[in-house]
Amino acid sequence: MKTGERIDTLKVSGYKVIQEEKRFCFGIDAVLLSDFSKTKKNERVCDLGTGTGIIPILLAAKNPSLKIDALEIQNESVDMAKRSVELNNLQSIINIVEGDIKQASSYFEKNVYDVVTTNPPYMIAEHGEGNGNDEKTIARHEVLCTLDDVVRSASELLKSQGRFYMIHKPFRLAEIMAVMMKYKLEPKRMRLCFPYVDKEPTMVLIEGVKCAKSRITVESPLIVYEKSGGYTKEVQEIYAR
């Protein structure tokens, strides 16, 4: 452990993750994405922009037969992710690599992965309050990569009929669909996430399949909070899983 770091218990398979409060810590979006992502026995998975490795760890908890590669550009996050993998004795399942999403196919084999997951920066560079190139800005804003970069790299890594899972912002949904189809990742499943039943959606979960035929299923809305402020029953069940 380094100064300022803490160990958070994930309450699944006894796993834990190392985080640092001043850096970008995982939130409910990572939990929802890992639950939305479907994996099968012995599949190969790549997580793009893994941060501190939370999504690979959650996927490994659900399916320990996976082989997961994970890519992250920020050195300090890579270091924490590697130590979290060691903390959970997941070295035989999860491989953390330091590198740029834009060159993902230079670190990993092309056309071999069954699944690619990503929780990418949501905001284009000029949106919102940025802080230059600090860690939180890089995680939230398209400073070092764009949506196009992420989707293109995912398509390069996936085999034909491989599955792509992403969580993003609904206000960019038209762009998301266009970019996915540009790189032959046909949108197949989508779910909008609402903070409250009477509010606009704030997140969208989407699955694409490489070189698939056109047909999309829009799943029932996911409501995150009750009016009282507590998690809904469904979100509680997702955390329990």
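Is M1 buried or exposed? M1 is exposed, with a relative accessible area of 55%, where exposed means over 50%, buried under 20% and partly exposed in between (1.4 Å probe, protein chains only). The model is predicted: local features need pLDDT of at least 70, side-chain atom pairs count only at pLDDT 80 or more, and totals for chains, interfaces and linings use all residues. Residues are numbered from 1 along each chain as its sequence is written, and side-chain values use heavy atoms, with hydrogens and water left out.

**Surface**

- M1 belongs to the segment before β1 (5–9); strands (E, at least two residues) and helices (H or I, at least four) are DSSP runs, numbered from the N terminus.
- Together with I7 and L87, M1 forms a nonpolar patch on the surface, with about 280 Å² of accessible area in total.
- Accessible areas come from the Shrake-Rupley method with a 1.4 Å probe; for residues, only the protein chains shown count as cover.

**Nonpolar cores**

- A nonpolar core is a set of buried Ala, Val, Leu, Ile, Met, Phe, Trp, Tyr and Cys residues joined through side-chain atoms within 4.5 Å.
- The largest nonpolar core has 38 residues, and those with the most contacts inside it include L10, I68 and L205.
- Among the elements that give two or more residues to this core are α2 (54–62), β4 (67–72) and β9 (203–210); its largest share, seven residues, comes from α2.
- Neighbours within four places in sequence aside, I68 is in contact (heavy atoms within 4.5 Å) with residues including V45, P56 and I93.
- Another core, of 29 residues, lies apart from the largest one and has C46 and L185 among its members.

**Enclosed helices**

- Nine of the nine residues of α1 are buried, so α1 is largely enclosed by the rest of the structure.
- Helix α6 (residues 147–157) has nine of its 11 residues buried, so α6 too is largely enclosed by the rest of the structure; D149 and R152 are among those buried.

**The buried residue E43**

- E43 is found in the loop between α1 and β3 (44–48) and is buried, with a relative accessible area of 8%.
- Its side chain makes a polar contact with the side chain of R163 (2.6 Å). A polar contact is a pair of N or O atoms within 3.5 Å; within protein, one must be able to donate a hydrogen and the other to accept it, and residues adjacent in sequence count only if both atoms are side-chain atoms.

Note on methods: Patches are made of residues with over 30% relative accessible area and no salt bridge: like charges are joined within 9 Å, nonpolar side chains (Val, Leu, Ile, Met, Phe, Trp, Tyr) within 5 Å. A salt bridge is a side-chain nitrogen of Lys or Arg within 4 Å of a carboxyl oxygen of Asp or Glu.
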